[in-house]
Amino acid sequence: MTQPETTPHEIEGRWKWSDWGRGPYDALSMVMLGPPFEGYHEFDVEVDGEPWHLKVHYNKSAFAPRLSDGINAERLYEWNIVGRGPGESKASFNISPRFPNIRHWESGEPISLPWESQFGEVDGVDVEFHTSNIEPERGLELLPEFYAAVFAEAGEWVHREYFRKPPHPTYSRIWAYERYVRIRREWAERLARSGVLHRVMHLLADEKGTKAELKIDNEEEINHQNRLVLSPASVAKLFPGHTYGRKLEIYLLKDANAVDKDHPSYHPKVEVLVNKKMNDRESWAWADRHEVTEEIEETIVNALAWEDIPLNPDASGVYVPDAHFDAVAREQPVEIYEDPTPRLEAKADHLLMTTLRDMGETAREVTERVATDGGGYVDELADELGKHPATIYRAISDLGDILELDDGSVSFRARKYREELRALIESAEYAIESYADRIQHLMGLADHVAESSPFQKWLATNGADLEFDDDGEPRRMRIDAVLSRLKSSSFESVHEVAREALETWSKSGNDPAVLSRTEIVWRTPGGGTEVGFVGAVAGR
């Protein structure tokens, strides 16, 4: 299966070397503090055929110099080499000394750093890096080239091997890493309109031990900035074997329409970020960067696949190349996991169905009242229903799988249960028994089409049946759900449902004209039914 190649965005971390003592730091200090630079220099350089503009300057560290340093200063400097390359490529390096018994320049107190516990009582250098639109390994390649270019500018010799050995694989760390693809706005909207972000958030709410946060900003444009943050435990529910917490984000420019529609930035990025904030404040070893890359790429590609967004970047019209994202096929495909949201949803629906089937009259009344009002107190429910409080308590006990009691307050354990039941109760159409019947139908149908075509899966998801005539042509499609023609309705749009039917029918290799002339029958919010033709309804 052809899949898009992702590209890096921002990467932050630090590399550590003890191979040359403080040699790289001391050499840079000597050439930068004297003439001709006097602590600051900007110049252009070519690295492997790429033009880069470099700026070298210092900032004051918190470290006091040693007597053996022989300098007349209160504190040591740290050196910054900041590069700006083709497009929006950036690479910034902060070079700082490390040595035993480092002390604060003002207080004279020892500064607690992990250096001595890691390397022992030896000198070395620490390089904090921040790269943009550059692969991790490319950033490591640029550091020695930038460093050597400073000495070439000054006409000074420098040891050629500085920074050309690998940094320590474990003590060197990464604490932020993100990659992205860029897709057209119209495709990205599928991820925003009740798409995979919402489904994952909605269904993890039923899973104990998980933590997730969904933030939606569609104020100016759909997908202006929509992001789903997942804890490591939540990630493990979606991707077996994955261990890093992460953020899946879809976002546009700050001023979403500041560029022309033909400009790549008019279209949003789909991006995954892994950082230490989402992983119990823990960074990870430089040696683990390939594992993190794999988890990031699998998240991006699977999120697209679960939303039935075409993965082939060749002539699909989905992916938008920019200065750094090439919109090309990757050489080795990542693993595609089974979409976990139907599995999680079936688990929750099964629990709700069996509970509702077994409930008595009082339990049913309590459920309907809590679904409608969002919660309540036992005494209030007893007064409203004309029941003794003990009767209410017994009913709640019978509903322990879906209701919870906290200091006399009754509420649903999962928001999903309340939303599903409230919609049905307010429709004035379904009794609780018919709701259970509907769930049972959906679950049974889904069991048969788990490995079937996109259209068959769509039928299962929407509780739909397709009837055929004697010639094997589709004759009528029945939707077992309440749908509305009104955009302002709280019920799902019948127009959108019809469009999805045509889209998945086509993806399954069928002629869309055949389904377009098929009758579609759906239930209306008022309790009746309505009939139309799929093509006509979809086109409105």
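The model is predicted: local features need pLDDT of at least 70, side-chain atom pairs count only at pLDDT 80 or more, and totals for chains, interfaces and linings use all residues. Residues are numbered from 1 along each chain as its sequence is written, and side-chain values use heavy atoms, with hydrogens and water left out. The mean pLDDT of the protein is 84; pLDDT is the predictor's confidence in each residue, from 0 to 100. The protein has 17 helices and 20 strands.

**Confidence**

- A pLDDT of 70 or more is reached by 84% of the residues.
- Residues 438–451 have a pLDDT below 50. Beyond near neighbours in sequence, this stretch has 26 contacts in the model. Contact means heavy atoms within 4.5 Å.

**Overall build**

- Helices (H or I, at least four residues) and strands (E, at least two) are DSSP runs, numbered from the N terminus.
- Of the 540 residues, 47% count as buried. Buried means under 20% relative accessible area, exposed means over 50%, and partly exposed lies in between (1.4 Å probe, protein chains only).
- The accessible surface comes to about 26,200 Å². Carbon and sulfur atoms hold 46% of this surface. Areas come from the Shrake-Rupley method with a 1.4 Å probe; for residues, only the protein chains shown count as cover.
- Among contacts with a separation of 6 or more, 66% are between residues 24 or more positions apart.

**Largest cavity**

- Rolling a probe the size of a water molecule over the atoms shows where empty space is left.
- The search uses a 1 Å grid over the protein atoms alone. A cavity is a set of points where a 1.4 Å probe fits but cannot get out. A pocket is an open set with protein on both sides within 12 Å along at least five of seven lines. Lining residues have an atom within 4 Å of a point.
- Grid points are joined across faces, edges and corners, and a volume is the space filled by probe spheres set on the points.
- Two cavities of 30 Å³ or more are counted. The largest cavity holds about 80 Å³.
- V196, V200, L228, L230, L238, F239, L248, T299, A303 and W306 line the largest cavity. The elements giving two or more residues to this lining are α5 (196–204), β9 and α7 (289–306). Helix α7 gives the most, with three residues.
- By class, this lining has nine nonpolar, one polar and no charged residues. Ala, Val, Leu, Ile, Met, Phe, Trp, Tyr, Cys and Pro count as nonpolar, Asp, Glu, Lys and Arg as charged, and the others, Gly among them, as polar.
- A303 is in helix α7 and is buried, with a relative accessible area of 4%. A303 touches L191, V196 and L248, not counting residues up to four places away in sequence. A303 and V196 are 107 residues apart in sequence, yet 6.7 Å apart in space, C-alpha to C-alpha.

**Second largest pocket**

- The second largest pocket has a volume of about 380 Å³. Of its 16 lining residues, E213, V229, L230, K277 and M278 are the closest to its centre.
- The elements giving two or more residues to this lining are β8 (212–215), β9 (225–230) and β11 (269–275).
- By class, the lining has six nonpolar, three polar and seven charged residues.

**From β11 to β12**

- N279 is in the loop between β11 and β12 (284–285). At 9% relative accessibility, N279 is buried. N279 touches P232, T243, Y244, G245 and V274, leaving out residues up to four places away in sequence.
- R281 is in the loop between β11 and β12. R281 is exposed, at 53% relative accessible area. Its phi is near 65 degrees, a positive value in a residue other than glycine.
- A285 is in strand β12 and is buried at 8% relative accessibility. Beyond its neighbours within four places in sequence, A285 is in contact with P169, T170, S172 and R173.

**Backbone points**

- A cis peptide bond joins P35 and P36, with omega about 10 degrees. P36 lies in the loop between α1 (23–33) and β2 (41–47).
- A327 has phi near 55 degrees, a positive value in a residue other than glycine. A327 is in the loop between α7 and α8 (340–357) and is buried, with a relative accessible area of 13%.
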